[in-house]
Structures are given as C-alpha cells and as structure tokens.
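Welcome! Please take a moment to look over the sequence and the model below, and then we will walk through a few places together.

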Amino acid sequence: MAKRIVAGPDWLKVESVADIYSVSACVSANFTEYVDAWKHNGYWLFDSPEIIEELARVKGVELSTTTLFYYEAYELEYDETTRQWSAFAPEPSLVTNVSEPDTKQIEGFDVVSFWARTTPECSPLSCCSVAGDVPVNSHCLFKTFDEAKEALERGVFDKTEPGPFRILAVYTVTRHPGTA
C-alpha cells in the first residue's frame, strides 16, 4: 500500500509518536480510493507495487509523496466478545498472489479492526488514541508481535471499534530507481 503519512496529531497526546504508520486510512490516508477499481486482492490490499503504480497512473495520482508499505497478517483474528482466536482467509472470489518484496524494513505491528471482513477499517492505536494507554514506537505501532497479541487478550481494544481484530506486521519498502 502507498500511504500519505502524517505527523503524530496533537490530539493523540503521545509525545513519542512522530508519525502514523497505521494500516487503516483513518489518519494517514491511502494514496487513493481503490476498491471501485477492483485491482485489490482477497485481503483487500495489493499484490505488488506495480499494481499500485498502474492504478495511480489511471487515477492521475502522484505517488512521489507517499510511503510504500508491505503488510503481513497473522493467520488468526481475535474476537473481543468471545475472547477467542480463529482462522481467517482471503476473499476466495478475488485473486491473491502477493509478491514479497526483496527488501523490507519492519516498522512494528498494528492491530486493525475488520468488522465488515473487507478493507482494514480502524487502527485503534491511532484512531481511538489507545497509544496513550500502551507503549508504542515513534510510528504509533507496537514494537513486537507479542505486545500486540497480549494487548488484545488483555482487553486493551475492548470498546474501541467492533472486531474482529487482526495483527499486521508493518514494513516499509524502498522503491526501486525509476518507479513512482
């Protein structure tokens, strides 16, 4: 995903947060609205940077001011009402053939709501100011997977947004010379 990263907003009241690398588009927006183009995969994200670049060209969107991300989802999602982890899979009617980047830099882990089971909806660390209650890094993400999982199981995200919640590893990807 290509996103327009914003500085940590004043309303978040977490001095250590320099910017927001959340998976959701609530604070740091996606490069464009994309669902109507039907170029996304079964995770409702993109299989490769080339698909993002093609869509940006078609929609007339400039990517030079965006940051490119790669996400890896934990294979289980957490239901805060039942306190249970269960498997989920990509939407089978959409082709999913994710190309893992050659080089990626781990930035942290986000907890994201998927109530509608489609696009990432809300990242409560930033969207609901949960970052004020738990340790986060400068990108408003958990430093480790274990911290994210423990926070979910401890109920930190209860009463923020409706779940289920998924944990996604957030990586930045360096664009190759000659790409947008």
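How many disulfides does the count come to? Taking a disulfide as a pair of cysteine sulfur atoms within 2.5 Å, the count is zero. Cysteine 127 is in no disulfide, and the nearest cysteine sulfur, that of cysteine 26, lies 3.3 Å away. Cysteine 140 is in no disulfide either; for this residue the nearest cysteine sulfur belongs to cysteine 127, at 8.8 Å.

Before going further, a word on the ground rules. This is a predicted model, in which local features need pLDDT of at least 70 and side-chain atom pairs count only at pLDDT 80 or more, while totals for chains, interfaces and linings use all residues. Residues are numbered from 1 along each chain as its sequence is written, and side-chain values use heavy atoms, with hydrogens and water left out.

Buried means under 20% relative accessible area, exposed means over 50%, and partly exposed is in between (1.4 Å probe, protein chains only).

| Residue | Relative accessible area | Class |
|---|---|---|
| Threonine 32 | 16% | buried |
| Arginine 83 | 37% | partly exposed |
| Cysteine 127 | 22% | partly exposed |
| Cysteine 140 | 2% | buried |

Helices (H or I, at least four residues) and strands (E, at least two) are DSSP runs, numbered from the N terminus. Arginine 83 sits in the loop between β3 and β4 (84–87), and cysteine 140 in the loop between α2 (124–127) and α3. Most residues other than glycine have a negative phi, and most peptide bonds are trans. Arginine 83, although not a glycine, has a positive phi of about 60°. Cysteine 140 is not a glycine either, and its phi is positive at about 65°. As for the peptide bonds, a cis one joins glycine 163 and proline 164, with omega about 20°. Proline 164 is found in the loop between α3 and β6.

**The helix α1**

Which residues of α1 are buried? They are Ile52, Glu53, Leu55 and Ala56. Seen down the helix axis, the buried residues of α1 fall within an arc of 165° (taken from the directions from the axis to the C-beta atoms), so they line one face of the helix. The face turned away from that buried side carries the exposed residues Arg57 and Val58. Among the elements covering the buried residues of α1 are β1 (2–4) and β3. After α1 comes glycine 60, with a positive phi near 70°.

**The core and its neighbor**

A nonpolar core is a set of buried Ala, Val, Leu, Ile, Met, Phe, Trp, Tyr and Cys residues joined through side-chain atoms within 4.5 Å. The largest one has 48 residues, and Phe31, Phe142 and Phe157 touch the most other members. At least two residues of this core come from each of α1, β3 (67–79), β5 (105–113), α3 (145–154) and β6 (165–172).

With contact meaning heavy atoms within 4.5 Å, and leaving aside residues up to four places away in sequence, phenylalanine 31 touches residues including Met1, Phe46, Ile52, Leu55, Ala56 and Val61. Threonine 32 lies in the loop between β2 (29–30) and α1 (49–59). With residues up to four places away in sequence again set aside, threonine 32 touches Leu55, Lys59 and Val61. The C-alpha atoms of threonine 32 and valine 61 are 7.2 Å apart, though 29 residues separate them along the chain.
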